Amino acid sequence: MRTGIFAALCVLLVACSSETTPRNTGVYMLLDTSGTYNEELKKAEQIIRYTLSKLDATDSFAVARIDTGSFSEKDIVAKASFDDRPSAVNRQKRLFAQQVSEFVETADPSPYTDITGGLLQAVEFLNEKGTGNKTILIFSDLKEDLAAGYIRDIDVELEGFEVIALNVTKLRSDNIDPREYLGRLEEWQGRVEKTGGEWRVINDLDGLEGLL
Amino acid sequence: MSFMLGITPWPVASAILWIILIVAALYLVRNTAHNTIKAAAQGLHRSFKVASKAVTRSEIKLEARNRDVLLAAGREAKERILEREFDRINETVRKDLANYSALHRSLSESIGRIEKDHQEAVDVPPDPPGWVKAVEAVAKMNAQEDRFSVGNILSDIHKSLIKAHKEAMNAYHVASARRHKLLRHMRPDWRRIQQKLTQVGKSVDSLLSRSVTIDRLMQEYEDIVHGQDRAISVLSSSSLVNFFVSAFVLCIAIGGATINFSLIARPMAEMVGGTSLIGNFRTADIAALVIILVEISMGLFLMESLRITRLFPVIGALPDKTRVRMIWITFTILFLLASVEAGLAYMREVLLHDELATSALLRGDVGATATGEYMWITTAAQMGMGFILPFALTFVAIPLETFVHSLRTVVGLIAISVLRALSLMLRLLGNVFLYLGVLLKQVYDIPLFVPLWLEERMARNADDDGLLGRVGR
């Protein structure tokens, strides 16, 4: 009898302890829709589908556009916290893919690029979800162009976050002076790592195996 | 070191001095040192010897216990076999004795009919011929009497004779035909009697062969009861064979259970969630495992209730009515679980298709979502396996019982071997320490060879002086 109670308590303790460390993943993807980069959205759709295929039950995923003022829920194109049941997860993934596809077909280019606002929104979303792993994907040329009056010189707290810049294309001016491109990358890396985040750049979209 | 070599101005002299001092000290404590070494060696030798004896005693006790276990198991097994043989004999005798009165009556009736027919078929003696008297009357007549009338009489007699002959022949034919008919009627009765007797003969032969088997089994049983070595040897080897065979069958059953597990673990995530964990294990996996274990338990109870196995004496001792109820309850639960498994196996296939379709969609490979024409075969096979495997696992109870019973003996045999090896090792160690003590004493004496040599010389001289003194006197 005593042994049985002890075993049951042990199982309960083990079960309780497992709840304290979530093992799920949260991914927030920012899509740059400014100017000519809008044409790159087809590539972004592929990345989103790949990411969807890698995510599993109880993971969270959101895709948001970067426009003039990105620190807003209105910019979220599609979001999902996947269910515990495999069949429901499949349904959610299909719906997600459809929503993204529709957005890619109809997305209009935005005049300004507020990457920092999008990053703040991403941090807020992922912190709210409380996932074990937090990843922010930035599909952009990383050229921030703020509209007048927008204040974005803020340190974003990125402790425990991994920020991955995808498809950082070279601008025409970068070709004239590559230091601009390298400087942009260094600046973003510095901003991310300054507040405790991890920084990675993936430009080869054929090698996405290590993305998540 | 420098201190040791610095006690005199000359290091060599210091070293020699030290050697002399050490040798002298060693020589002075030689007897004490030898006694210490001897005591330590003998102490260790005795300790190991005592330990070895204790282990040997344990081994003997364990061997006796193992022997008792083996005999008890063998006695129980033989009793079961004998019981079954007696049941069979009882069944045969019951069937034959129940039909014995009918058989006896049938045989009596058949024999009565045969006797009656036989009586009726007896050859009837022919009637004495009537014309003999007429011939005598003619012979007594006088020759002088009318010859003409004699001729007429003889002619009449002749006619009568022919007529009588015809009638006699007809009567004879009729009687023969009747007798043949009666004999023909006897034939089926003979056949019936022959069949009945063949049947009885077979039953008697079966009983005789069974009685031979029972004689043999009784002999083996007596050997076991008397604890004869031959019986122990046979039981021991059969126990080992049972152990390995049952272990092999259990391995196969574990394979079946693993297949069963893989069939239901995936769809189980639909019921209990795909990511929740208990410890480091997925709840879905644990739930699937629990279902399989419950099925095996139900199988065990079913086999116990059917009295095929005897792992739980409580179930075997239940009243027949309760036992039959238990059979039905366990079978129903097993059937329901098998149905659930078949459903889960179907669900697994549906989920797999759904997942494949989603993956294809995400890859942008829409053509890959089309399912094959013969996919229903795998679905049906999975469902069939999901339904059949729980019932197949029911039979695990039989090898499990054999395994559990033979395990006691095998573990006992292994423990005996281990104890025997330990005892031998302890005895060896004891002897090693004893001879090590002798060796140490010799090694101790090596640096003392000079004083020992001197001592020996002095002792010899003293002996020689003593001898000369005795001779002089």
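How many residues of chain A are in contact with residues of chain B? In this predicted model, in which local features need pLDDT of at least 70, side-chain atom pairs count only at pLDDT 80 or more, and totals for chains, interfaces and linings use all residues, 17 residues of chain A are in contact with 16 residues of chain B, two residues being in contact if their C-beta atoms, placed from the backbone, lie within 7 Å. Residues are numbered from 1 along each chain as its sequence is written, while chains are lettered from A and ligands numbered from 1 in the order in which they are written.

On the side of chain A that touches chain B, helices H1 (2–19), H2 (41–54) and H3 (86–106) each supply at least two residues, helices being DSSP runs of H or I with at least four residues, numbered from the N terminus. The largest share, 6 residues, comes from H3(A).

Within chain B, the axes of helix H7 (residues 229–272) and helix H11 (residues 375–394) come within 10 Å and cross at roughly 140°, where axes are lines fitted to C-alpha atoms over the stretch in contact and angles run from 0 to 180 degrees between N-to-C directions. The two helices are therefore oblique to each other, a term for angles that are not under 35 degrees (roughly parallel), over 145 (roughly antiparallel) or 65 to 115 (roughly perpendicular). Residues of H7(B), among them B:Ala253 and B:Leu263, meet residues of H11(B) that include B:Gln382 and B:Leu393.

Just after H7(B), B:Gly273 takes a positive phi of about 90°.
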